[in-house]
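Hi,

Here is the structure I promised to pass on.

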Amino acid sequence: MPEQHKLILKHADSPGYTPDIECYVRHGGYEALKKALGTAPRELPDGKKLSAQEVVREDVKASGLRGRGGAGFSAGLKWSFVDRRSGKPIYLICNADESEPGTFKDRQIIHKDPHQLVEGMIISCWANDVKLAYIYIRGEMPHGARLLEKALAEARAKNFLGKNILGTGYDLEIYVHRGAGAYICGEETGLIESLEGKRAYPRIKPPYFPAVLGLYMCPTIVNNVETLCHVKHIVTMGPAEYAKLGTPNNTGTRIVSLSGDVQKPGYFEIEVGKVTLGQLIFDANFGGGLKPGRSLKAIIPGGSSSKVLKAGEVFKLNRKGADGQMTKVDVPLLDLPYDFDSLQGAGTMSGSGAIIVMDDSRSMVDTLANLSEFYAHESCGQCTPCREGSLWMAKGLHRLAHGDGRKQDVEYLSHIAQNIQGRTICAFGEAAAWPVLSFVKKFKDEFVARGEADEAAKSAGPSRELKLAASPNPH
Amino acid sequence: MTFSVPSSLEAQLDELATHYPVKRSASLMFLHALQEHFGHITDEAIEWTARKLGLQPINVLELVTFYPMFRREKLGRTHVKVCRTLSCALAGSGELREHFCKKLGLDPHAHAPQTTPDGKFTVEFVECLADCGNAPVVLLNDDLLPKVSTAQADEIIAKGKGL
């Protein structure tokens, strides 16, 4: 039976483990920082010399670490894009604006083991010549912000942070910055605008790639909480050993947030790709199955922005055979390994690692209406297709969910969604469009039936007006 | 009432502004601190923040109107934020908010924050609070409450009425 592999959450839930620095140091904390600071420069076979910092940056690249925030982009590669010749300061920002619906993994790290994040950040800052860094934490986590402030003060007092860290001559300051309830701040350029004291309107890329023109128009690295924690473990274990965890191109562990219609919702740390979607939902070690008497209807596999998967779907994935040749293999939904590439192969994404399960008691119309309202509320309003389109979709779905649907609503919703995706400055447009496109495509019958029933009821009597009047449109 | 920021809070904010190479960056943190102290963001607080950070008041007002956590009106002493988003909705957060509203004499269908006339409670729906494994969740002032039942809601109301 597959089990959890706890690397990041090794201590977090142990009895007696506390978030203070003494406890962290007792459990081997800040040893990775000392190891990193003592890294020896390396000479490559071609005679090129790498500085100690370059060695750590190369190690992160070699570890195969992919960002745990949502995009799954190589962390080492992201670091390599940083403009180091501009002469401007380089900033690092920890994205702790955890707000993708379904996701609650960074919360565990911040509240239970904040020093692990601080240590990962200090190593990452040192490796990238960063002298000033910020933790952007969402406003709704006031206790988390206080815990991080305290952790930073403790690290300062022990000289892991501040001036001349551990006598190496390296200076670094990290500050906590609180957001104020806007989902769009999770988008890295929106986050940067917010940190500059402005509305979180994402910036257009090009030219505003954070690695070149980020915070205060200086080179900037934005990494997720969990990603930065992994850096610590890559230093401790070495990249080769770290890369043995997980599966090729999907290395390491990741924390999966499981919610919705399962017996045991919760967070589970797994080796990436070593556990399937089916095991995460049904095994006793993980979700423990559905509620009694229920069957599976749909899975949102990577946060609410990922495309929905329908029970019974079978996907064609590329697999390397024994002869080394790539072949297409049929993989049923529940056998999909939970990793970046398999989910992408299935036409969706593992995103922020958040799985929301829906059983056969759920209406897909009501579910999508709920999600669309989220996107309508959270659109920053900068780009017209997203600002207007997300509202139209939410209004249309509200009607359909409250007895005033039409049978052509499926086409109407798809049409709007198709006119949002690809027409906005940031990926929020896709995030708002993808759930709609995937739900109405995969559960078309349900949407059409709802619209038809409403039209039939409309000619039969006045009850639907009463129903709609009782639930006015929030927009 | 004249607007005055206590000197200890002002000193704390002056220190905070030094965390950033550009003072404007401190705006959100200033607004959080002022809202915590005064309960909501007044015109005076906006003008004061702008003066302190070398900005125009409009630069601060546009933040207050953009970020949902900042409030222009006085809030109830017990602030109930019920998570509206999918995982909590599947676990009954819609019914939970309705329960709060009905018990407190508020409109269960109004979406925006509502405060009881006695100023004791504010109830609102908010988007994902990032604790979906414990759905339905409520952020009660600064505290996140997991798996909130209607019985717990009644306890919150009883406690809040005595404050």
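Before anything else, a word on what "helix" stands for here: helices are DSSP runs of H or I with at least four residues, numbered from the N terminus. Also keep in mind that this is a predicted model.

Five strands make an open sheet with mixed pairing, in the order 10-9-15-11-12. If you want to find one of the contacts on screen, go to G260(A), whose bridge partner in strand 15 is V357(A).

- K112(A) and D13(A) form a salt bridge at 2.9 Å, N to O. This one links distant parts of the chain: K112(A) is in helix 5 (residues 106-112), while D13(A) sits in the segment before helix 1 (21-26), 99 residues apart. K112(A) is partly exposed at 23% relative accessible area, and D13(A) is partly exposed as well, at 38%.
- E58(A) and K61(A) form a salt bridge too, with their closest N and O atoms 3.8 Å apart. They are three residues apart in helix 3 (residues 52-62), which means that about one helical turn separates them. In an α-helix there are 3.6 residues a turn, so residues three or four places apart point the same way. E58(A) is partly exposed, with 34% relative accessible area, and K61(A) counts as partly exposed at 33%.
- R203(A) and E193(A) meet at 2.7 Å, N to O, in another salt bridge. R203(A) is in the loop between helix 8 (188-195) and helix 9 (210-213), and E193(A) is in helix 8, so the pair ties together parts 10 residues apart in sequence. Both partners are buried: R203(A) has a relative accessible area of 6%, and E193(A) has 13%. Through shared partners, salt bridges join E193(A), E196(A), K198(A) and R203(A) into one network.

On to the cysteines. How many disulfides does the structure hold? Zero, over all chains. For C426(A), the closest cysteine sulfur belongs to C380(A) and is 6.3 Å away, too far for a bond. C426(A) is buried, at 12% relative accessible area. Over in chain B, C88(B) is in no disulfide either, its nearest cysteine sulfur being that of C83(B), 3.7 Å away. The cut-off for a disulfide is a pair of sulfur atoms within 2.5 Å. C88(B) is also buried, at 3% relative accessibility.

Last, the layout of chain B: there is a domain 1 (7-66) and a domain 2 (78-161). Their C-alpha centres lie 29 Å apart.

Cheers

Conventions
Residues are numbered from 1 along each chain as its sequence is written. Chains are lettered from A and ligands numbered from 1 in the order in which they are written. This is a predicted model: local features need pLDDT of at least 70, side-chain atom pairs count only at pLDDT 80 or more; totals for chains, interfaces and linings use all residues. Side-chain values use heavy atoms; hydrogens and water are left out. Domain bounds come from an automatic or database domain assignment. Buried means under 20% relative accessible area, exposed over 50%, partly exposed in between (1.4 Å probe, protein chains only). Two strands pair if DSSP finds at least two bridges between them. Helices (H or I, at least four residues) and strands (E, at least two) are DSSP runs, numbered from the N terminus. A salt bridge is a side-chain nitrogen of Lys or Arg within 4 Å of a carboxyl oxygen of Asp or Glu.
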